[in-house]
Amino acid sequence: SPQIVWLRRDLRLGDNPALYHAARQGPVIAVYVLDDVRPGSHAYGGASRWWLHHSLASLARSLEARGSRLILRRGDAVEELCKIAGESGAEAVHANRHYEPWWRKAQGEMKERLDLRLYDANYLLPPGTVTTGSGGPYKIYTPFSKATLELLPPRDALPEPEALTSPESWPASDDLADWQLLPTKPDWAGGMREFWRVGEAAAHERLEWWEDHVDDYQEDRNLPSVDKTSQLSPYLHFGEISPVQIWHALKHKRSNGWRTFEKELIWRDYAQNAICQFPRYALDNYRDEFDKIEWRDPATDETAVRDLKAWQQGRTGYPIVDAGMRQLWQTGWMHNRVRMIAASFLIKHLLIDWRVGERWFWDTLVDADYASNATNWQWVAGTGVDSNMFVRIMAPLSQSEKFDAAGYIRTYVPELAGLDEPFVHDPPDHMRGQYPEKIVGHREGRERALAAYKAMKGER
Ligand code: FAD
């Protein structure tokens with residue numbers, strides 16, 4: 001009898017344990033349900049919806065090329081799967097485990113109603129399996145990473161199923177176009193179309209390119225102008241490629257570049273482990289003393305709204321921050337070093353709650369990920385379980401020089417393209433009128449942040 005494969009962030013045919021095992025047991029009905037209710041505040045944002053549309057279209061074409069189909073439904077994931085199971089007489093639902101709190105809940109509900117078979121697919125090691133000597137989870141990255149390295153290699157990557165047989169009749173499917181995942185008025189996705197190719201084949205092409213560059217990662221990864229990081233993050237988020245596939249493809253490398261890159265993949269595992277322990281990590285300060293800090297609130301403070309808008313639109317007067325925020329708007333992605341600088345600027349120089357930034361990234365990043373986004377925002381804010389200290393305040397101008405961001409700034413802030421160094425990092429007064437004045441002085445922003453921190457601690 002038919003086997004349902006419930007796809008979520010695992011939109012690939014290769015190394016897909018749920019699909020692989022289902023296909024060995026019977027005809028396959030692959031299903032994607034667009035459920036915008038269960039994720040609550042974390043239903044997919046605009047950039048993710050754009051990516052999702054193309055990813056589903058690509059997966060549907062791959063399945064059709066193999067004589068199969070992708071069934072699309074919209075609504076409550078559990079209800080829709082139960083309906084499809086009823087209509088098709090399916091014996092079991094196969095799914096790869098997901099750990100976002102709403103998916104864990106859905107998996108639990110589904111188990112009560114259907115024969116749900118869960119597999120480990122999307123992390124180097126299954127979340128929850130890297131434990132301390134006493135069997136508990138790690139809270140801090142460095143020991144987690146060491147323990148992970150001792151437990152690697154990951155499982156072997158699975159091949160694509162050899163054949164996909166069709167059920168006697170296909171359940172009804174929505175038309176992807178009707179979901180309106182793509183922007184229309186205005187169409188803001190032009191830069192994204194130029195920058196990205198979406199789907200499993202594109203992910204593997206990117207990995208091939210990366211195989212030739214990973215050896216230089218150690219030196220190049222912090223330099224936004226050079227732009228030599230893998231850019232695999234959206235493919236990993238949507239599961240168009242698995243970290244296990246990436247790991248095995250690169251394991252023959254012996255370079256420091258590969259070793260450093262492997263640790264970044266472990267950060268991704270770490271973030272997911274944090275979410276397993278603290279499901280509300282994207283919503284609450286882990287260090288609850290920060291509940292008392294007096295953020296400037298864009299909901300009630302006009303100057304805070306003005307500053308937030310300037311940050312979102314890349315008009316803060318700090319070229320490195322503006323280049324990053326404009327890269328984000330144009331391409332749906334931002335270089336990691338610049339994400340840190342831009343996030344720190346919002347939280348500290350503008351004294352705006354990290355959760356406001358988390359929301360903006362959630363809406364605008366093509367790699368927006370519940371776990372990774374929250375973990376990194378809490379890290380920068382100093383509110384997290386493992387994090388930077390709040391009082392360590394990044395100086396955007398010296399970061400810009402230190403990481404040689406001139407080329408990056410000239411690309412994304414074209415009105416500064418004619419400036420030489422060092423002016424391109426900190427434009428002179430005569431640029432006023434062409435480029436915004438700083439919305440807050442570095443000293444002034446820093447002192448305001450430190451004062452708020454002291455007040456929170458009760459040290460006036
Ligand atoms: P590479 O440098 O090539 O790294 C390879 C892979 O390792 C990445 O694709 C990613 O899957 C993983 N990785 C690397 N760094 C991290 C990290 N710090 N935390 C978790 N995983 C990591 N990453 C996301 O995938 N989704 C997010 O929503 C996200 N939000 C972020 C928010 C802030 C404020 C900051 C500072 C970082 C955020 N990151 C997020 C982490 C990181 O910036 C991106 O993963 C990285 O820039 C993606 O580019 P890449 O694929 O070229 O990375």
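These legends walk through several close-up views of one predicted model.

Two notes first: residue numbers start at 1 in each chain and follow the sequence as written. Because the model is predicted, local features need pLDDT of at least 70 and side-chain atom pairs count only at pLDDT 80 or more, while totals for chains, interfaces and linings use all residues.

**View 1. The protein is split into three parts: domain 1 (1-121), domain 2 (122-155 + 200-277) and domain 3 (288-454).** Those bounds come from an automatic or database domain assignment. The C-alpha centres of domain 1 and domain 3 are 37 Å apart. Where these two touch, domain 1 gives 7 residues and domain 3 gives 8 residues; "in contact" means that the C-beta atoms, placed from the backbone, lie within 7 Å. On the domain 1 side you'll find 2 nonpolar, 4 polar and 1 charged residues. For these classes, Ala, Val, Leu, Ile, Met, Phe, Trp, Tyr, Cys and Pro count as nonpolar, Asp, Glu, Lys and Arg as charged, and the others, Gly among them, as polar.

View 2. Helices here are DSSP runs (H or I, at least four residues), and strands are runs of E with at least two, numbered from the N terminus.

**View 3. Helix α3 (residues 77-88) packs on helix α4 (residues 101-113) at an angle of about 30°, with axes 10 Å apart.** That makes the pair roughly parallel (under 35 degrees is roughly parallel, over 145 roughly antiparallel, 65 to 115 roughly perpendicular, and the rest oblique). Axes are lines fitted to C-alpha atoms, for helices over the stretch in contact, and angles run from 0 to 180 degrees between N-to-C directions. On α3, look for A77, V78, L81 and C82, which meet A106, E109, M110 and R113 on α4. That contact has 6 nonpolar, no polar and 2 charged residues.

**View 4. Helix α10 (residues 243-250) and α11 pack at about 170°, their axes 11 Å apart.** So α10 runs roughly antiparallel to α11. P243, I246, W247 and L250 of α10 meet W258, L265 and R268 of α11. By class, that's 6 nonpolar, no polar and 1 charged.

**View 5. The axes of helix α15 (residues 354-364) and α16 cross at roughly 145° and come within 10 Å.** This crossing is right-handed too. From α15, W354, G357, E358, F361 and W362 meet N373, A374, W377, Q378, V380 and A381 of α16. The contact counts 7 nonpolar, 3 polar and 1 charged residues.

**View 6. Time for some backbone details, starting with the cis peptide bond from L152 to P153, where omega is near 15°.** P153 sits in the loop between α5 (141-151) and α6 (190-195). Q180 is in the loop between α5 and α6, and its phi is near 50°, a positive value in a residue other than glycine. A cis peptide bond also joins E421 and P422, with omega about 0°.

Terms used. A crossing is left-handed if the near helix is turned anticlockwise from the far one by less than a right angle, and right-handed if clockwise.
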